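Please open the model in your viewer and keep the sequence panel beside it. The tour below goes from one selection to the next and says what is found at each stop.

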Amino acid sequence: MTPSQAVTIQFQPIGKRIQVDPQINLLEAARMAGIALTSTCGGEGNCGQCRVQVISGSVSPFTEAEKFLLSEAEQKESYRLACCTRPMSDVCLHIPPDSLDSGQRLQIESVLRPPVADPLVQTIEVQCPPPTLADSRSDWTRLRDEVARRSGSADIFASSAFIQALPPTIRQLNWRVQVLLRKGEVIGLLPLSSKPLGLAVDLGTTKIAAALLELESGRVLATSGAPNPQISYGEDVVSRLVTIQRNPAGGQKMAELVRQGINELLLDLVKRAAAVPEQVAEACIVGNTAMIHLLLGWPVRQLALAPYVAASSEPLEVFAAALDFRLAPGGRVYIPPAIGGYVGSDHVAMILASELDQSERITLGIDIGTNTEISLRIPGKETLMAVSCASGPAFEGAHIRDGMRAASGAIEKVRFTAQEMQITTIDNEPPIGFCGSGILDAVAELYRNGYLLPNGRFDRHKLAQPEAAEPRFVFVPAEQSGNAREIALTQKDINEIQLAKGAIQAGIKILLEVNQIAPEQVEEVIVAGAFGSYLHLPSAIQIGLFPPLPRARYRQVGNAAAVGAQWMLISKQARKRAEEIARRTRYLELTTLPGFNRQFAVAMHFPPLEEKNETLE
Ligand code: FES
């Protein structure tokens with residue numbers, strides 16, 4: 001192959017490019033670029049999973065398989081099956097998240113553009129003269145004088161916690177140290193060869209996601225996650241608050257549990273990065289208002305009762321030691337401001353990282369979790385508006401008979417074709433349950449194929465066991481599953497999904513109505529959160545979870561709240577912007593609106609099938 005024959009394929013938003021022979025198809029090109037597209041048929045043009053969108057460049061004509069497997073709308077939007085398409089010039093492709101193998105999906109978070117690192121904590125190299133009988137200044141005075149000389153500032157101070165750790169540390173480092181300096185305060189000492197680190201935490205109701213970063217470069221060294229240990233006190237925010245009202249000692253216990261959980265993640269991360277906890281100069285923790293109260297051990301009674309008032313929604317800097325976190329001796333935890341009600345700093349972080357606040361289009365930002373926050377940005381308006389919906393944990397696999405978290409063997413995709421039912425599991429392992437995206441697909445496919453009625457009831461005539469006491473649709477019989485149990489969706493499961501989707505759908509509808517925006521006027525929808533990023537958009541639109549807009553208007557951005565926490569950790573500028581976002585975002589309490597209950601009841605139903613056909617197929 002001469003260089004002139006080769007063509008360049010660019011893969012967005014992953015940001016990879018590769019030169020290939022134009023005789024190979026786009027699936028092979030992706031493999032050569034190290035991008036694993038889902039392809040259960042092995043590239044035979046049968047499964048329809050290797051969808052890519054051609055943004056620019058020319059490619060081979062549609063094959064018969066593509067005409068069959070891609071809807072007309074998809075064909076119009078230049079969606080192609082990678083295994084059936086060859087490049088005919090340089091080509092730029094968009095890879096939708098649901099075409100990526102599970103292991104590779106986290107890369108979609110690269111669509112968020114990180115800020116230039118500009119951390120609050122600075123380092124200064126200092127060499128102190130060791131004490132002698134002629135110079136018997138105290139350790140702190142000796143260090144402070146040296147730091148003042150090197151920094152040019154006379155106003156240098158330290159906490160008692162730092163001074164307690166000073167004598168052994170400075171001797172161990174032989175009086176030559178890197179000083180961690182934060183707004184004039186000396187908070188820690190490091191060997192010259194160590195880099196200062198930071199911990200970013202997204203404290204979710206169900207899960208805690210943590211990342212360890214180099215403060216000066218912003219480089220992520222390691223990431224980790226764990227279930228929120230408070231879950232034993234209730235799966236959602238409200239049940240945890242009720243527990244504390246009944247037993248105030250439960251609040252202290254919950255604070256201890258979550259602090260311990262974060263500490264364990266921290267120790268795991270530093271170990272994996274071959275670092276030590278004392279290198280971690282600062283942490284940034286984001287979470288909804290209730291989660292932050294439960295972390296700090298604040299009273300929650302006023303938060304649990306209307307009008308749902310926080311103890312404080314201002315930004316906070318807390319001594320890490322006061323929360324029992326093992327950071328540098330004077331290390332701080334930065335907690336960004338909250339918006340209002342239960343819409344907390346995690347939503348501020350999501351808005352920050354997705355740049356929703358700077359959008360020049362009418363944009364909805366939806367962060368799906370056990371609590372779903374939705375914001376609306378209208379260009380030209382000074383304020384954004386935000387609502388919070390109690391969507392519950394169904395989309396995370398909880399409260400669903402065969403639900404599970406997104407792990408190996410979880411069904412993540414379901415498609416019914418004229419001939420068969422296709423099921424894809426994470427890591428292609430034998431199926432053992434449904435994760436959120438699989439549940440959503442399964443419900444959408446059941447509805448699309450007439451097994452479910454618009455009110456969410458099964459059409460019993462179509463079920464294999466119409467007389468069963470609990471109606472259910474079996475996706476995998478026991479003998480074919482990975483755990484010898486059948487995998488099915490029951491009527492109760494469908495009702496749980498209806499509750500979750502009804503809450504989110506009603507939230508979106510009311511937010512738009514209050515702002516006099518028709519759904520079709522929405523120019524962009526940013527979908528964030530682990531589940532939100534991997535869900536199959538047509539399924540979400542099919543069941544009415546999202547408005548029926550063209551797919552090109554949707555942008556799935558990964559866990560933007562976790563990314564926003566990282567940005568606030570490494571950038572003073574990002575912190576300033578986050579504080580501005582919180583000031584400029586108005587919170588709207590849904591439950592007090594007169595039409596909310598009616599909207600919620602209506603939103604529990606699935607939209608008429610004809611309506612979705614216009615937009616989806
Ligand atoms: S890999 Fe199955 S259709 Fe392309």
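Throughout this tour, buried stands for a relative accessible area under 20%, exposed for one over 50%, and partly exposed for what lies in between, with a 1.4 Å probe and protein chains only. The model is a predicted one, in which local features need pLDDT of at least 70 and side-chain atom pairs count only at pLDDT 80 or more, while totals for chains, interfaces and linings use all residues. Residues are numbered from 1 along each chain as its sequence is written, and side-chain values use heavy atoms, with hydrogens and water left out.

Select Glu-486 and then Arg-401. Glu-486 is partly exposed at a relative accessible area of 21%, and Arg-401 is likewise partly exposed, at 37%. The two form a salt bridge with their closest N and O atoms 3.1 Å apart, the term meaning a side-chain nitrogen of Lys or Arg within 4 Å of a carboxyl oxygen of Asp or Glu. This pair links distant parts of the chain, 85 residues apart: Arg-401 is in the loop between strand E18 (384–389) and strand E19 (410–416), and Glu-486 is in the loop between strand E22 (472–476) and strand E23 (487–490). Helices (H or I, at least four residues) and strands (E, at least two) are DSSP runs, numbered from the N terminus.

Next, move to helix H4 (residues 139–151), where Arg-149 and Glu-146 lie three residues apart, about one turn of the helix. Their side chains meet in a salt bridge of 2.6 Å, N to O. Glu-146 is buried at 12% relative accessible area, whereas Arg-149 counts as exposed at 56%.

Then select Asp-135, Arg-137, Arg-142, Arg-144 and Asp-145, which are linked in a network of salt bridges. The structure as a whole holds 31 salt bridges.

Helix H16 (residues 572–584) is the next stop, with Glu-580 and Arg-583 three residues apart and so separated by about one helical turn. The side chains of these residues meet in a salt bridge of 3.0 Å, N to O. Glu-580 is partly exposed, with a relative accessible area of 31%, and Arg-583 counts as exposed at 61%.

Finally, select helix H10 (residues 345–354), which is mostly covered, with ten of its ten residues buried. Among them are His-347, Met-350 and Leu-352.
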